[in-house]
There are 2 protein chains.
Amino acid sequence: MRLKVRKFQLKAGKPIAFVHQKDAEKLNINVGERIEISYKDSMTIGIVDVVSGFIKSGEIALSEQITNKLKLKSKYVNIGLGEYPKSTKFLKKKLNCIPYKKSEIKKIINEIVKGSLTEAEVAYFISGINYCGMNLEETKYLTEAIFESGKKIKWKQKNIADKHSIGGVPGNRTTPIVVSICSAVGIIMPKTSSRAITSAAGTADVIESIAKVNLSIDELKSVVKKTGACLAWGGSLGLAPADDKIIQTSKIIRIDPEPQLLASILAKKLSVGSKFVLIDIPHGSGAKVSLSKARSLKDKFIKIGKKLGLKIRVLLTDGSQPIGNGIGPILEVRDILKVLRREDSPKDLENKSLKLAGELLEMVGKAKNGKGRKKALEILNSGKAYKKFEEIIKAQSGSFKYLEFAKYKHEIKFKKSGKVKSINNKDINYLTRLTGCPLDKKAGIYLHKHKRDKIKKGETIITIYSESKHKLNQALNFYKIQKPIRLG
Amino acid sequence: MRLKVRKFQLKAGKPIAFVHQKDAEKLNINVGERIEISYKDSMTIGIVDVVSGFIKSGEIALSEQITNKLKLKSKYVNIGLGEYPKSTKFLKKKLNCIPYKKSEIKKIINEIVKGSLTEAEVAYFISGINYCGMNLEETKYLTEAIFESGKKIKWKQKNIADKHSIGGVPGNRTTPIVVSICSAVGIIMPKTSSRAITSAAGTADVIESIAKVNLSIDELKSVVKKTGACLAWGGSLGLAPADDKIIQTSKIIRIDPEPQLLASILAKKLSVGSKFVLIDIPHGSGAKVSLSKARSLKDKFIKIGKKLGLKIRVLLTDGSQPIGNGIGPILEVRDILKVLRREDSPKDLENKSLKLAGELLEMVGKAKNGKGRKKALEILNSGKAYKKFEEIIKAQSGSFKYLEFAKYKHEIKFKKSGKVKSINNKDINYLTRLTGCPLDKKAGIYLHKHKRDKIKKGETIITIYSESKHKLNQALNFYKIQKPIRLG
């Protein structure tokens with residue numbers, strides 16, 4: 001079918017072709033399917049969006065990725081039914097739980113990066129991994145394929161270290177503290193973090209409330225050169241574009257298949273050039289994983305890490321309740337500063353950070369085995385960690401000037417006295433998202449009590465902060481219905 | 001985030017919102033995700049397409065489905081992160097193989113129809129069914145939900161009958177023959193068929209080469225009133241929009257999960273008001289299903305059909321090789337006409353059609369048990385079936401005038417003598433698609449030999465017809481590489 005090209009300067013990052021509804025019917029093609037678009041001797045694949053109205057029947061609007069690839073100079077292209085990319089065949093294989101070959105995984109990841117797999121195909125890929133799993137070899141191949149698909153950062157130094165938490169625990173903002181402690185004694189920590197996926201805020205969202213986090217690779221290198229560390233958002237660096245895409249599609253139904261989780265973390269550690277990697281796996285009721293799952297993950301992290309030449313330690317930590325008091329970007333920054341400034345800090349956040357920092361200090365040889373925590377506390381008490389954090393934030397064009405709360409607040413008080421029996425992480429995350437997080441940096445909640453704390457009648461359990469009354473009420477309603485905190 | 005609305009008269013059939021790349025980054029949203037779009041007190045959900053160039057940062061382009069729903073009169077809307085539709089939660093449940101409740105299936109199907117599930121979510125739904133299956137109750141609920149989501153056709157008569165093949169066998173065009181034979185003796189057959197999914201041509205594609213198949217419900221009723229039958233395309237009738245959408249997404253990786261197959265077929269039979277349903281399950285090497293799978297499907301069809309008040313017979317037929325000689329729309333019409341006109345017809349196509357027609361005649365009481373085939377042959381020999389077919393085609397604005405082959409042809413000859421050992425259905429389907437089918441109605445292949453036929457050196461085994469030399473060569477190359485026909 002010959003169609004007239006309407007130019008729209010689409011830069012959708014994938015090869016989109018807008019086809020008129022009538023033409024789509026003639027060709028029996030639908031949204032998300034592929035067509036072959038040809039001009040002279042060039043042919044490329046477009047993913048169809050069916051529209052009517054903004055182009056006429058007989059016309060086609062093409063994204064720049066397509067027009068550039070075709071070197072289009074004419075006003076007309078020919079379109080036909082698109083063949084499936086090679087990797088589609090492999091996807092089907094996994095639906096029958098047949099393990100992927102190395103070359104197949106590489107092909108799938110490359111096609112995800114090129115944008116030639118549709119949303120639905122990526123979902124099938126994820127489902128396959130979710131149902132059938134991947135053996136250690138496959139997971140290693142997946143890690144390598146994701147690593148190779150993106151940019152890499154190289155360093156002259158050897159003591160490049162990294163930490164990572166698998167997430168799921170509200171307020172668990174140990175990263176800035178651990179990075180500050182460790183880099184204060186010369187460990188190089190080019191830390192990249194993610195934004196919130198299912199939680200109320202990711203480390204990148206939190207740091208973004210006080211500094212620039214979407215650094216280019218050059219900017220990141222410059223910050224690390226200056227300060228020995230950074231606290232950047234991983235997403236803007238192009239380190240693992242395949243992984244970003246897979247996470248986008250997984251997040252739709254909030255699944256996180258184990259092989260993808262392993263590969264995603266390890267590939268990013270390879271990309272930033274880390275040699276020493278400490279992984280925090282919070283487990284328990286309300287955490288992402290149970291203790292037995294955490295143990296199995298630990299085992300896999302260590303085995304695959306070894307295959308990839310990484311030195312890995314894995315800590316299984318208590319993930320059964322939120323950590324710290326503030327949940328939400330600015331609220332979490334305030335907790336971090338309390339710990340670093342040696343003010344009246346949330347002890348759970350401080351202790352966990354010291355434990356993690358201590359392990360890293362031991363791994364890299366900055367402390368003897370068993371003495372890491374003590375060393376970490378010394379660094380913290382000396383004020384060096386706070387100074388380092390200040391340096392990093394400054395190098396990332398940030399400051400601690402603006403730390404106020406959101407406009408509206410509401411205090412939730414308990415009507416009975418008792419002892420806190422449980423705090424549901426997922427509900428707390430959701431509640432905090434309803435306040436406007438992570439977009440509204442000043443929104444969030446302050447959790448006054450933790451598990452096993454005693455509470456008196458009329459005492460405040462949670463303070464909600466929000467930029468709008470509507471969101472405040474939404475959060476409050478959710479709290480009333482869901483009751484995320486239960487007394488014993 | 002407040003955005004200026006650019007009007008584009010998008011009628012995409014789903015709520016699409018084009019968001020500028022910069023704004024999407026700020027909001028941390030990606031292609032295919034949901035946003036909440038609000039104006040005054042109205043709020044609706046949009047599915048995001050990220051673009052740059054054809055709208056500016058700060059602008060948003062909305063499909064009519066959205067602007068209508070919002071009753072938008074302002075130039076500005078507010079957008080925020082979209083909550084997930086309820087059914088997303090159910091989708092995740094099935095990923096853990098937990099059976100769906102009736103209400104959950106209904107909700108999912110309704111949201112698929114409204115377009116509020118993304119492509120990826122539909123893919124997750126399909127994956128879930130594919131891996132975990134569905135029990136009989138669930139499959140019944142799925143059938144009812146699909147049936148209820150669409151339009152229904154009602155009839156005064158009681159002897160409404162239907163036939164259906166699960167497909168996969170090239171050239172298996174028994175439907176027009178069976179419909180012509182049965183409706184010639186007064187059985188009402190409002191037959192709707194699909195277009196090619198994985199095969200080279202569906203019955204709708206074949207009939208479309210000589211008549212109009214995209215009938216409205218009124219047109220379909222008028223054709224049936226006039227002739228007692230029709231041969232329409234099911235897709236334009238809106239009978240089972242949920243099913244259409246699910247098939248679109250399944251077809252991407254060419255899977256056809258059993259519960260979906262059962263529900264899809266049975267829902268459509270309910271929609272056209274059928275009481276008697278004959279189902280053809282071709283099985284064997286190269287067919288969609290093995291004999292044991294065919295037996296299990298038969299059992300399920302009958303059990304679920306009973307729950308739904310349908311009278312069902314299921315035939316297990318040989319699906320190990322193509323049926324008839326012509327494969328491709330016009331080529332298949334020529335075979336059908338040979339059978340109906342009592343010319344030198346492909347005996348396999350004729351025999352299978354007589355068998356199926358005979359069963360239907362028995363089911364509806366037009367022949368005694370065991371005497372159906374004989375009765376069918378009488379009708380065929382009497383010329384009444386041909387006359388009926390002519391009537392139907394004429395009522396659908398068609399004729400038998402244009403039955404020529406495509407412009408280019410190539411004869412593939414065998415270099416050795418021997419006996420045909422196997423003909424691979426999938427390869428033959430793919431080969432035929434490469435010739436340009438089903439879009440190029442005159443393209444396709446003529447299969448001169450079948451399994452167990454003797455062939456002499458230099459004899460033609462396949463003639464390829466195509467509208468372009470390029471496609472002809474593509475098909476020929478595929479033949480050479482794949483060798484779909486093997487000698488014993």
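I count two residues as in contact if their C-beta atoms, placed from the backbone, lie within 7 Å. The model is predicted; local features need pLDDT of at least 70, side-chain atom pairs count only at pLDDT 80 or more, and totals for chains, interfaces and linings use all residues. Residues are numbered from 1 along each chain as its sequence is written, with chains lettered from A in the order in which they are written.

**Entry: helix 4 and helix 6, chain A**

I looked up which residues meet here. Lys102(A), Ile105(A), Lys106(A), Ile109(A), Asn110(A) and Val113(A) of helix 4 meet Glu138(A), Tyr141(A), Leu142(A), Ala145(A), Ile146(A) and Ser149(A) of helix 6. Helices are DSSP runs (H or I, at least four residues), and strands are E runs of at least two. By class, I find seven nonpolar, two polar and three charged residues in this contact. Nonpolar means Ala, Val, Leu, Ile, Met, Phe, Trp, Tyr, Cys and Pro; charged means Asp, Glu, Lys and Arg; the others, Gly among them, are polar. The axes, lines fitted to C-alpha atoms over the stretch in contact, come within 9 Å and cross at roughly 35°.

**Entry: chain B against chain A**

I find 40 residues of chain B in contact with 41 of chain A. Helix 5 (119–132) of chain B is among the elements that supply at least two residues. Helix 5 of chain B gives the most, with nine residues. The chain B side has 19 nonpolar, 14 polar and seven charged residues.

**Entry: symmetry**

I superposed the copies by least squares on C-alpha atoms of residues with pLDDT of at least 70 in both. A rotation of 180° with 0.0 Å of shift along its axis puts chain B on chain A, RMSD 0.1 Å. The two copies are thus related as by a two-fold rotation axis. In chain B, the C-alpha of Ala120(B) is nearest the axis, at 2.1 Å.

How values were computed: Axes fitted to C-alpha atoms, helices over the stretch in contact; angles between N-to-C directions.
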